[in-house]
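Hi,

Here is the structure I said I'd pass on to you. Have a look at it first, and then read on for what turned up in it.

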Amino acid sequence: MTVPGRRKPPAMMGIVLLATFLYRFGRFSYRRRKLVAALWVGLLVLFGVGAATLSGPTSNNFSIPGTESQKAIDLLEERMPQASADGATARVVFAAPDGGTVTGAAGKKAVEQVVGKLKALPDVANVVDPYQAKSVSPDGRIAYTQVTYKVPSIDLDEGDRAALEAAGEPGEAAGLTVEMGGDATEGMPEQSATEVIGVAVAAVVLVITFGSLVAAGLPLLNAILGVGIAMAGITAATGLIEMSSTTSTLALMLGLAVAIDYALFIVSRYRHELEEGRDGEEAAGRAVGTAGSAVVFAGLTVVIALAGLSVVGIPLLTEMGLAAAFAVVVAVLIALSLLPALLGFAGRKILGAADRGAVGGRPPTWNKVLGGWLPGLRGGRARPGGKAPLGERWARFIVRRPLPVLLLAVVGMGVLAAPALDLRLGLPGDEAKSSETSQRKAYDMIAEGFGPGVNGPLMVVVDAGKGGDAKPAAQRFAGQAKRLGDVASVTPPVVNQAGDTAVLTVVPKSGPSTKATEDLVSELRDQSAGLHAATGSDVEVTGQTAMNIDISAKLGDALLPYLAVVVGLAFILLMLVFRSVLVPLKATLGFLLTVAATFGAVVAVFQWGWLASLLGVAETGPIMSMMPIFLIGVVFGLAMDYQVFLVTRMREEFVHGAEPGEAIVTGFRHGARVVTAAAVIMMAVFAGFVFSGESMIKMMGFALAAGVAFDAFVIRMTIVPAVMALLGRSAWWLPRWLDRLLPNVDVEGEKLREHLGADQEHAVQNDRELEIART
């Protein structure tokens with residue numbers, strides 16, 4: 001940075017680099033800390049007011065435009081609006097006590113009272129009489145009624161759900177068991193108090209890492225303010241666009257984790273600069289210019305991966321990705337601006353007492369206790385006469401034995417990935433809920449009385465076209481469907497007033513999320529071609545079960561293309577950062593290994609049931625169909641975080657003349673402790689969501705925690721240094737023609753140090769000239 005009123009060094013004229021800009025920005029934020037802090041607090045208040053005044057209801061619906069099931073729903077909306085094809089549904093189930101029946105006088109009277117109350121509810125389009133529809137079990141002990149609303153579930157509020165629950169009171173008063181399921185019963189997911197565990201663990205890790213309560217508190221304060229702004233913004237957006245009820249939780253999960261991590265990296269570098277003897281403003285500038293550059297790049301990879309979910313063409317994934325990307329953007333901005341301001345308020349208290357004693361002569365105090373947890377460490381360096389840091393010792397071990405370490409790590413990850421070969425995607429419904437919920441009890445009662453397939457009926461729409469006659473085609477199709485192996489029953493077709501559209505219901509023998517039901521949907525759809533050839537009518541299969549199958553199929557089809565996009569993006573971005581071909585190749589292959597191992601762990605727990613009781617998994621089944629794509633996007637971003645923060649220091653040492661093996665060791669000496677702390681914090685934050693009552697959030701939390709553990713400790717801190725030790729100097733090879741084409745983003749701040757060195761030399765020269773002139 002040039003001194004005002006003095007000439008710029010000729011070598012730096014006209015050069016604008018990210019690190020240089022962030023250096024100046026960090027110094028500005030440190031110097032004008034009151035203004036910067038006031039601006040961020042003002043933003044929090046502004047977004048909070050927006051959330052309070054603009055927030056709207058959220059949805060639990062899953063839909064994908066363009067699928068056959070969605071086309072059928074759109075057709076029914078046009079020709080049979082009275083069917084309320086996209087309306088919310090509730091299934092109310094009655095069970096008589098042992099020895100009783102719902103067909104006796106008392107039981108039947110109670111059921112009819114409930115049905116009457118259900119018909120009187122607001123926005124109810126239809127309630128099926130269980131006695132007329134013959135939805136009474138053969139032994140007369142269980143009956144159910146289907147309630148169809150005029151509006152989708154997103155338009156039902158807690159008052160509607162309370163009224164639905166209250167309608168069952170006459171049945172309970174008569175001694176019947178009354179349980180309810182369906183999307184009309186789905187309320188807003190509640191935040192679990194156990195999620196605070198992650199933040200508490202993060203606080204402990206930060207205190208141990210820094211040996212200072214102030215240094216530990218700043219990343220947490222930074223993260224809480226950033227997450228508050230992001231969550232308020234997302235909440236305000238629910239009043240403008242339809243949004244899933246899980247979107248804000250996932251944005252909270254990611255926003256909190258990356259905000260703490262990004263602040264951790266910058267605070268760690270700031271403390272290092274202070275230990276080098278620089279004043280606070282200069283240390284803040286250099287910390288933001290170096291570690292801040294890596295934060296920008298790491299955040300950019302996360303944002304691109306999350307925003308890239310929109311190309312899959314699934315509205316739910318798009319909103320989840322964009323909301324989480326927004327939270328990450330806020331985390332990056334607040335780390336680059338508010339954090340240096342907070343560092344200015346903290347002053348030298350950011351250093352632990354032992355470090356302040358080493359720098360400023362003050363004696364060490366209570367943090368000797370915490371120092372015992374990390375022997376020989378201070379700022380990532382060995383204390384005089386103490387052991388080398390654990391990260392350095394681990395790196396030297398790998399450099400001495402790279403091949404055995406590499407083989408052992410790869411084989412271990414391969415074993416973890418093996419269950420992924422049995423990955424089965426789906427969208428579990430009430431059958432995947434806890435056995436304590438009313439939805440699950442209703443599901444089990446219906447399965448007991450009528451068979452599991454009644455919980456997932458398939459709606460078949462026969463379209464004869466404008467002016468056509470759909471009835472004979474529908475009757476023909478019904479006859480064909482009855483002969484299929486997994487069909488329990490087929491209802492008579494219902495034809496619309498125009499006669500060109502008919503609807504019938506096919507009840508499978510198998511449950512909604514089983515492979516047999518999925519195969520049945522395919523068989524029913526295969527009948528369409530023959531029916532069209534014979535009658536000119538088309539057949540489309542819809543209903544919640546078919547919709548779930550279509551969503552899973554589209555997500556499965558999009559998995560490989562999205563993975564290709566993410567891997568290609570990773571390769572290009574890492575070439576920009578490391579100016580190497582083999583380092584990006586190694587990083588992307590490691591990322592694929594992380595994803596495979598994470599899928600394997602998820603399948604083992606949530607599909608096979610390993611450790612299910614320990615983790616509170618109520619029911620095993622297919623993996624949430626959106627999980628793989630979302631997991632790829634998130635884990636990619638986090639993997640690149642650790643790759644950038646750990647390997648940039650290795651490249652920095654190599655560029656400055658260190659031998660390849662020594663560059664690896666030095667990079668670990670400075671980065672392993674911070675990366676370890678960051679990974680533990682992320683794992684703690686994500687693991688806190690494993691205790692959520694929502695199965696989707698539980699699965700997401702487990703998958704992300706496992707993905708971070710595998711990538712940080714096995715891939716980045718074991719396989720990466722082993723491969724680099726085997727490659728030696730060739731790890732940093734880049735063709736000359738490509739070197740000329742790639743822009744120098746200077747993530748590690750090499751040009752910044754040259755710039756600052758040139759500025760300081762120029763300032764000294766000017767001072768000498770002024771002194772000569774005065775004498």
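Let's start on the outside. Trp 608, Trp 610, Leu 611 and Leu 614 together make a nonpolar surface patch of about 490 Å². Leu 611 sits in the loop between α20 (582–607) and α21 (612–615). Is Leu 611 buried or exposed? Leu 611 counts as exposed because its relative accessibility is 56%, and the cut-off for exposed is over 50%.

Before you go further, keep in mind that this is a predicted model. The average pLDDT of the chain is 80, and 85% of the residues score at least 70.

Now the overall picture. The chain has 775 residues, and 56% of them are buried. You'll find 26 helices and 13 strands in the chain. Of the contacts between residues at least 6 apart in sequence, 79% join residues at least 24 apart. The accessible surface comes to about 31,700 Å², and carbon and sulfur atoms account for 61% of that.

On to the inside. In soluble globular proteins, nonpolar side chains tend to be buried together. Here, the largest nonpolar core has 180 residues, and Tyr 262, Leu 306, Phe 591, Met 626, Phe 630 and Phe 686 have the most contacts inside it. Helix α11 (residues 315–346) gives the largest share of this core, 20 residues. Apart from that core lies another one of 26 residues, including Ala 88, Leu 118, Leu 121 and Ala 143.

Next, the charged pairs. Side chains of opposite charge can pair when their charged atoms come close. The count of salt bridges comes to 20. One of them joins Glu 282 and Arg 27, at 2.8 Å from N to O. Glu 282 lies in helix α10 (residues 280–307) and Arg 27 in helix α1 (residues 18–31), so this pair links distant parts of the chain, 255 residues apart. Both Glu 282 and Arg 27 are buried. They also belong to a network of salt bridges that links Arg 27, Arg 31, Glu 281, Glu 282 and Arg 286.

Asp 550 forms a salt bridge with Arg 525, with the closest N and O atoms 2.7 Å apart. Asp 550 counts as buried, at 8% relative accessibility. Arg 278 and Glu 273 also meet in a salt bridge, at 2.6 Å from N to O. Arg 278 is partly exposed at 27%, while Glu 273 is buried at 5%.

Asp 123 has a phi near 65°, which is positive in a residue other than glycine, and it is found in the loop between α4 (105–119) and β2 (124–127). Lys 134 isn't a glycine either, yet its phi is about 60°. Lys 134 is in the loop between β2 and β3 (142–149), and it is exposed, with a relative accessible area of 72%.

Cheers

Methods. Residues are numbered from 1 along each chain as its sequence is written. Side-chain values use heavy atoms; hydrogens and water are left out. A nonpolar core is a set of buried Ala, Val, Leu, Ile, Met, Phe, Trp, Tyr and Cys residues joined through side-chain atoms within 4.5 Å. Buried means under 20% relative accessible area, exposed over 50%, partly exposed in between (1.4 Å probe, protein chains only). Helices (H or I, at least four residues) and strands (E, at least two) are DSSP runs, numbered from the N terminus. Patches are made of residues with over 30% relative accessible area and no salt bridge: like charges are joined within 9 Å, nonpolar side chains (Val, Leu, Ile, Met, Phe, Trp, Tyr) within 5 Å. Accessible areas come from the Shrake-Rupley method with a 1.4 Å probe; for residues, only the protein chains shown count as cover. A salt bridge is a side-chain nitrogen of Lys or Arg within 4 Å of a carboxyl oxygen of Asp or Glu. pLDDT is the predictor's confidence in each residue, from 0 to 100. Contact means heavy atoms within 4.5 Å.
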